[in-house]
Amino acid sequence: MVTLGNLFCGTLAAIFAVGGHFEMTALFVVLGVFLDFFDGFFARVLKVSGELGKQLDSLADMVTSGVVPGIVLFVLLGNNQQLPYDIHAEFKISMGLPLIGLLVTLSACYRLAKFNLDTRQSESFIGLPTPAMSLFVIVLPLIQMDTDLEFIRSLLANPYFLIIITLLLTYLMNA
């Protein structure tokens, strides 16, 4: 139930991210990551851990910590500093640039699958964990909206900066 709560939060976060409601996106991602942190703990305490739980955990993480940050980067790359996001206005902009943001989704999926197969990661992580990447990405639009520093605001709206962030996170998750 805790793992499915993570998935539910991730699904709501994705809906809010598409609409450009980044405060709600962040709230549900943080709640989902919190549930992800405790689902394994509760499974061990209640002695209900197993392969089904492991697979459900990865699928829930894929939504909360894979799909949502990809959508956020997609929206940021397509926005050109216009918040909240209007999906209909997006079609006026070339779709190629925003699609680069979805590389973090693909990379998160690869990382989660690799994590399930890698016996070396039973006690510690190799590479940047997907929840950490997700938390980093979801704060970018919040900083952009709330800062009074024009330099920071323009940096976070700069597509080149966002592409570098995307490529760096993609690499770090699977390094």
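Author: Let's start with the contacts in this predicted model. Among those between residues at least 6 apart in sequence, 75% join residues at least 24 apart.

Reader: What is the pattern of the protein along the sequence?

Author: Reading along, you get α-α-α-α-α-α-α-α-α. Of the 175 residues, 43% count as buried. The accessible surface comes to about 9,600 Å², and 73% of that belongs to carbon and sulfur atoms.

Reader: Why does S58 count as buried?

Author: Buried means under 20% relative accessible area. S58 has 11% relative accessibility, so S58 counts as buried. You'll find S58 in helix α3, residues 51-79. Leaving out residues up to four places away in sequence, S58 touches L112 and N116.

Reader: What makes the aromatic pair of F16 and F28 stacked?

Author: Two numbers matter here. Rings pair if their centres lie within 6.5 Å, and planes under 30 degrees apart count as stacked. For F16 and F28, the centres are 5.8 Å apart and the angle between the planes is 5°, so the pair passes both tests and is called stacked. The structure holds six aromatic pairs, by the way.

Reader: Which helices does the pair of F16 and F28 link?

Author: F16 is in helix α1 (residues 2-18), while F28 is in helix α2 (residues 22-45). The two residues are 12 apart, and the pair links distant parts of the chain.

Reader: Why is F16 called partly exposed?

Author: Partly exposed covers what lies between buried, under 20%, and exposed, over 50%. F16 has a relative accessible area of 24%, so F16 is partly exposed.

Reader: Which residues form one aromatic cluster?

Author: That cluster is formed by F34, F37, F38, F41 and F42.

Reader: How do you know that α2 is roughly antiparallel to α7?

Author: Look at the angle. Helix α2 and helix α7 (residues 130-146) pack at about 160°, with their axes 10 Å apart. Angles over 145 degrees count as roughly antiparallel, and that makes α2 roughly antiparallel to α7. The crossing of these two helices is left-handed.

Reader: Which residues of α2 and α7 make the contact?

Author: On the α2 side they are F22, E23, A26, V29, V30, V33 and D36. From α7 come P131, S134, L135, I138, P141, L142 and M145.

Methods: Residues are numbered from 1 along each chain as its sequence is written. This is a predicted model: local features need pLDDT of at least 70, side-chain atom pairs count only at pLDDT 80 or more; totals for chains, interfaces and linings use all residues. Side-chain values use heavy atoms; hydrogens and water are left out. Helices (H or I, at least four residues) and strands (E, at least two) are DSSP runs, numbered from the N terminus. Buried means under 20% relative accessible area, exposed over 50%, partly exposed in between (1.4 Å probe, protein chains only). Contact means heavy atoms within 4.5 Å. Accessible areas come from the Shrake-Rupley method with a 1.4 Å probe; for residues, only the protein chains shown count as cover. Rings of Phe, Tyr and Trp (its six-membered ring) pair if their centres lie within 6.5 Å; planes under 30 degrees apart count as stacked, over 60 as edge-to-face and the rest as tilted. Axes are lines fitted to C-alpha atoms, for helices over the stretch in contact, and angles run from 0 to 180 degrees between N-to-C directions. Angles under 35 degrees count as roughly parallel, over 145 as roughly antiparallel, 65 to 115 as roughly perpendicular and the rest as oblique. A crossing is left-handed if the near helix is turned anticlockwise from the far one by less than a right angle, and right-handed if clockwise.
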